Amino acid sequence: MKDNSYMTEGNITKALWRFTLPMIMGGILQQLYSLTDAFILGNFVGDTAVASVSASSAVLNICFFAIVGLMTGFSIQLSHMFGAKEYDKIKKLVTTAMTFMGIGAVIASFLIVTIKYFIFDLINTPAEIIPGASSYLNFAAPGIVFSGMYNLYGGMLRAVGDSKRPLIALIISSAINVALDLLFVAVFKMGVGGAALATVIAQTISAVYLIYHANKNEFFRISFKKSFYDMGIFKETVSLSLPKMLQTCLNSVGQMMLQSINNYFGVFAVAAISTAYRIDSLTITPIMYLNSAISIFTGQNLGAQKPERARKGLFTGSVMAGVFSLAVTFIFVFLGGWLLSLFGLSQQSIDIGWRFFRLCAIFYPCFAVYNVFIGYLQGKKDVKFVSFLSILCLAIRVGGSFILRDILGVDVVAIAECISWAAGLIIVIWRYRWHRKKEKQV
């Protein structure tokens with residue numbers, strides 16, 4: 001394993017940039033999976049196809065968010081072990097986590113195909129987009145195993161300071177995804193199912209690439225010998241993951257409820273807001289990956305007994321996030337309508353989506369700084385509070401949307417989200433101060 005001590009030594013700003021930039025580039029490429037589907041389907045099929053992918057995503061997110069929850073505890077644990085140079089424990093953690101994740105992903109794939117129509121009915125999915133959504137899930141569900149593998153191995157490498165390999169994997173697979181999307185949708189006319197198949201093939205390639213390179217490091221190699229299964233380490237990891245998994249599973253339920261709100265306003269609203277979220281996910285990628293970088297930076301420095309450096313990283317990250325958020329605000333206020341028009345949407349959908357952008361734009365600085373503080377608290381293993389706060393913010397979004405939907409109309413989703421960001425920022429700053437007060441008392 002090459003030396004990644006720059007996370008615990010030297011200039012903090014350079015360390016965060018060095019680690020975060022490959023993650024940002026990788027995140028942008030990962031978001032292009034979703035954007036490529038929307039762009040090609042919107043231009044070659046239409047609004048209904050874009051809405052179908054959005055409806056299917058509400059189902060897939062149940063499993064995806066569970067994987068993200070498990071990865072949070074895994075990455076925190078791994079970063080602390082790496083900072084403390086406990087390499088023997090890392091091999092046991094990796095072997096045990098991979099086994100359980102693989103079993104869980106197979107079960108999840110089966111469940112998705114089994115319960116998809118029940119969920120479509122539950123969230124009042126418009127009848128005209130159900131066939132496309134069902135087709136997408138039939139292809140996408142088996143790919144959960146490979147998506148889980150990619151996230152696990154990508155998280156392993158990032159947790160020890162290597163964010164370049166996941167980036168290379170995404171460069172390769174993103175190019176393949178675009179090529180296959182064009183082939184399956186534009187040439188073979190496979191519609192929504194073709195877009196899903198292209199994504200699964202690309203994710204499989206990225207997973208195989210990361211597994212190959214991770215296995216070059218001895219303590220990342222999986223061994224099925226009994227001595228490499230350590231339930232004590234795994235239980236500690238699960239204890240860190242469970243709050244996040246609960247939060248993400250509840251988040252998936254909340255996302256389905258929000259999808260139900262979009263469905264309430266019709267196909268144009270579904271196409272508009274789902275496309276707006278895809279563009280939004282791309283442009284706020286620097287903020288989201290800075291959150292991950294701060295979490296790992298904090299974990300490694302606390303593991304190395306450098307709490308003051310961890311705090312300095314928090315404030316450096318907040319400044320970086322603030323700059324990113326101002327750039328995003330400018331893009332959405334002035335270019336939001338043009339960006340939406342690239343996806344072949346009708347003018348009615350474009351108008352709804354651009355209004356969504358303008359409503360959210362002013363609150364992006366709140367969102368940015370909130371996420372940096374969340375990353376710091378996760379690095380401190382304060383995952384129960386982070387999960388509670390995320391659930392609270394989700395409750396504000398969902399509850400506000402349902403209560404005010406007939407008053408505010410289709411704009412309600414954006415307004416409720418902005419309120420949740422502002423509330424979250426206030427609470428997370430209070431939590432940071434609570435930690436500092438406790439530390440001073442010790």
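**Helix packing and selected residues**

Helices α12 and α15 are roughly parallel to each other, because angles under 35 degrees count as such and their axes cross at roughly 20°. The model discussed here is predicted.

**Helix α12 against helix α15**

- Helix α12 covers residues 347-361 and helix α15 covers residues 412-441; their axes come within 9 Å.
- The crossing in which α12 passes α15 is right-handed.
- On the α12 side, the contact is made by Phe356, Leu359 and Cys360. On the α15 side, Val413, Ala414, Ile415, Glu417, Cys418 and Trp421 take part.
- Sorted by class, this contact of α12 with α15 has eight nonpolar residues, one charged residue and no polar residues.
- An α-helix has 3.6 residues a turn, so residues three or four places apart point the same way.

**Helix α13 against helix α15**

- Helix α13, residues 364-379, packs with α15 at an angle of about 35°, and the two axes are 9 Å apart.
- The crossing of α13 and α15 is left-handed, whereas that of α12 and α15 is right-handed.
- From α13, the residues that meet α15 are Tyr364, Cys366, Phe367, Val369, Tyr370, Phe373, Ile374, Tyr376 and Leu377.
- Their counterparts in α15 are Trp421, Gly424, Leu425, Val428, Ile429, Arg431, Tyr432, His435 and Glu439.
- The contact of α13 with α15 divides into 14 nonpolar, two polar and two charged residues.
- Trp421 of α15 is listed in the contact with α12 and also in the contact with α13.

**Helix α10**

- Helix α10 comprises residues 285-303, and at 1.5 Å a residue its 19 residues should span 27 Å. The C-alpha atoms at its ends are 27 Å apart, which agrees with that expectation.
- Of the 19 residues of α10, 16 are buried, so this helix is largely enclosed by the rest of the structure.
- Gln305, which follows α10, has a positive phi near 60°.

- Ser318 lies in helix α11, residues 307-341. The relative accessibility of Ser318 is 13%, so Ser318 counts as buried, the cut-off being under 20%.
- With neighbours within four places in sequence left aside, Ser318 is in contact with Val369, Val372 and Phe373.
- Phe343 is located in the loop between α11 and α12, and Phe343 is buried, with a relative accessible area of 8%.
- Along the chain, Phe343 and Phe44 are 299 residues apart, yet their C-alpha atoms are separated by 9.7 Å.
- With neighbours within four places in sequence left aside, Phe343 is in contact with Leu35, Ala38, Phe39, Gly42, Asn43, Thr275 and Ile279.

**Two lysines with positive phi**

- Lys189 is not a glycine, but its phi is positive, about 55°. Lys189 belongs to the loop between α6 (164-187) and α7 (191-214).
- The relative accessible area of Lys189 is 61%, so Lys189 is exposed, the cut-off being over 50%.
- Lys381, likewise a residue other than glycine, has a positive phi near 65°. Lys381 is placed in the loop between α13 and α14 (383-408).
- Lys381 is partly exposed, with a relative accessible area of 32%.

Technical notes. Residues numbered from 1 in each chain as written. Predicted model: local features only at pLDDT ≥ 70, side-chain atom pairs only at ≥ 80, totals over all residues. Heavy atoms only, no water. Axes fitted to C-alpha atoms, helices over the stretch in contact; angles between N-to-C directions. Helix = DSSP H or I, 4+ residues; strand = E, 2+ residues; numbered from the N terminus. Parallel < 35°, antiparallel > 145°, perpendicular 65-115°, else oblique. Left-handed = near helix turned anticlockwise from the far one by under 90°. Contact = heavy atoms within 4.5 Å. Nonpolar A, V, L, I, M, F, W, Y, C, P; charged D, E, K, R; others polar. Expected span 1.5 Å × (residues − 1). Buried < 20%, exposed > 50% of the residue type's maximum accessible area, 1.4 Å probe, protein only.
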